[in-house]
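Please keep the structure in view while reading.

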Amino acid sequence: MKQKDFLFNLFILLFLNLLIKPFWILGVEREVQNAVGAENYGIYFAILNFTFVFNMLLDLGVTNFNNRNISQNTQLLSKHISGILTLKLALGLIYLIIVLIVGVCIGYNGFQIKLLLWLAFNQFLNALILYLRSNVAALLMFKTDSVLSVLDKLIMIGICGLLLWGNVTQKCFQIIWFIYAQTVSYLITAAVALVIVLFKAKLVRLTWNITFFRAILKQSFPFALLYLLMSIYGRTDSVMLERLLPDATGAYQAGIFASAFRLLDALVQIAYLFAVILLPLFSKMLKNKENIVPIIKSAFSVLFFFSITATVLLFAYRTPVLSLMYPQIGAESVRVFVFLIPCIIPVSMTYIFGTLLTANGNLRILNITSAIAIAVNIVINFTLIPILEARGAAIAGLATQTSIGVMQFIIAFKQLKIPFSTLPYLRGLLYICLLIATVYVAIQYLHFGLIYNLLICSGMAFIWAFATKLIPLKFIKEIFC
């Protein structure tokens, strides 16, 4: 795939997601938390992240292995899908049983168990969607995958919007309704994705083949281990926060953490879209021994611009932004937010260089770096959460993401023998200086209100990106011409 094709497909994917997901995360999901309260949402958020920790059992690395494998060998789709779909159903049952057992063992009971079961089922549906989408992406059907990437959120916006603002019930919004809406949206999206993949694969029936299962799981095990390690260091902050502190305090602090985490989560989902395209693209290009440097430079320039701009603007306007989003707990969220929002920078780098190492088959190195990140995360969380509560978990998250981002950045260049001078460091540094100066001037002298100031600063950010050639003007030409 040429750089022009990469940029065009990336533009379509970003456009659809920027059209739907910000309204979902900053509008509907935020309104749900305000409606149910920080404590109830904190319990939901902690249990949700608990189910994420065990997501490895749902997949055992099959999705990432499949993405890389099918993109390199598209003829294997018809042969593999009947067996892998059967395997996914079996893994889903095992996952539900283990999550329930461990949940009971760590003290979940009553209503928490009900939430746990529904959230675990939703995780199974989401994992199924991701597997089906991995086939679509591996076939380089990026426009179709772009639609599938937002379909579930579009459905949930309709359902939750009706419940929140449609006056269809006299009861106050309940967190369990939110989970039911997820279930319905995932079911519909999974059905649509399944029809598309089955049409491409011309599948007749599912097959139960133990030998095939063993062969697939053996090849996907390194991917499974990597996913498990990433889930542990990426999702345990809120779980440890809720478990290490007394019941009421733990739930409330988890809610504060969740409110500060929401904007980071929105940004991470945008950055993740790069990995959706880059994994099959890097895999195919590396197999064909094509030059990947232009794609790396393009992805780095765009993600660097995105992550730096988001961090500087949101850090500068953190108090008015969070006070607007959460009138009751915004001030408390600010203290957590200052440590969480910079995480988008190292996370963005892992979506380029971690994905590159995955496509190159360097799973052992990735697993070692992830194990180091877990050690960093657990030590800092156990040390800081009892003292700083939600702020301690945020500091642990920032330290963890920074360490993993730096390690993968250095290793990727060394493993693939890419010169470090490939990337536009000086242009990036100049852009940062100009952006910070612009934001400072805006804060001191522009008093048009939060939204207008953010729009003005964002517009200037684009001007500086083009002026410094961090983002060359030819990118725009390659997208639209």
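F257 and F261 are both buried, where buried means under 20% relative accessible area, exposed means over 50% and partly exposed lies in between (1.4 Å probe, protein chains only). This is a predicted model, in which local features need pLDDT of at least 70 and side-chain atom pairs count only at pLDDT 80 or more, while totals for chains, interfaces and linings use all residues. Residues are numbered from 1 along each chain as its sequence is written, and side-chain values use heavy atoms, with hydrogens and water left out.

**Aromatic rings**

- A search of the whole structure finds 17 aromatic pairs. Rings of Phe, Tyr and Trp (its six-membered ring) pair if their centres lie within 6.5 Å; planes under 30 degrees apart count as stacked, over 60 as edge-to-face and the rest as tilted.
- The pair of W118 and Y180 is edge-to-face, because the ring centres are 5.1 Å apart and the planes stand at 75°.
- W118 belongs to helix α6 and Y180 to helix α8, so this pair ties together parts that are 62 residues apart in sequence. Helices (H or I, at least four residues) and strands (E, at least two) are DSSP runs, numbered from the N terminus.
- W118 counts as partly exposed, at 32% relative accessibility, and Y180 is partly exposed as well, with a relative accessible area of 31%.
- The aromatic pair of F257 and F261 is stacked, with 6.0 Å from centre to centre and 15° between the planes. Both residues lie in helix α10 (residues 247-287), four residues apart, which is about one turn of the helix.
- Ring pairs also link W118, F121, F124 and Y180 into a cluster.
- The charged end of R318 sits over the ring of F315, 4.5 Å from the ring centre. A charge sits over a ring if NZ of Lys or CZ of Arg is within 6 Å of the ring centre and within 35 degrees of the ring normal.

**Helix packing**

- Two packed helices are described by the angle between their axes and the distance between the axes.
- Helix α6 (residues 111-138) and helix α8 (residues 175-201) have axes that come within 9 Å and cross at roughly 25°. Axes are lines fitted to C-alpha atoms, for helices over the stretch in contact, and angles run from 0 to 180 degrees between N-to-C directions.
- α6 and α8 are therefore roughly parallel to each other; angles under 35 degrees count as roughly parallel, over 145 as roughly antiparallel, 65 to 115 as roughly perpendicular and the rest as oblique.
- The crossing of α6 and α8 is left-handed, which applies if the near helix is turned anticlockwise from the far one by less than a right angle, whereas clockwise gives right-handed.
- Helix α11 (residues 293-316) packs with helix α17 (residues 425-445) at an angle of about 25°, their axes being 10 Å apart.
- α11 and α17 are therefore roughly parallel to each other, and their crossing is right-handed.

**A buried cysteine**

- C457 lies in helix α18 (residues 450-467) and is buried, with a relative accessible area of 1%.
- C457 and T438 are 19 residues apart in sequence and 6.9 Å apart in space, C-alpha to C-alpha.

**Two loop residues**

- Most residues other than glycine have a negative phi.
- K289, although not a glycine, has a positive phi of about 60°. K289 lies in the loop between α10 and α11 and counts as exposed at 74% relative accessibility.
- K417 is not a glycine either, yet has a positive phi of about 55°. K417 is found in the loop between α16 (390-415) and α17 and counts as exposed at 73% relative accessibility.
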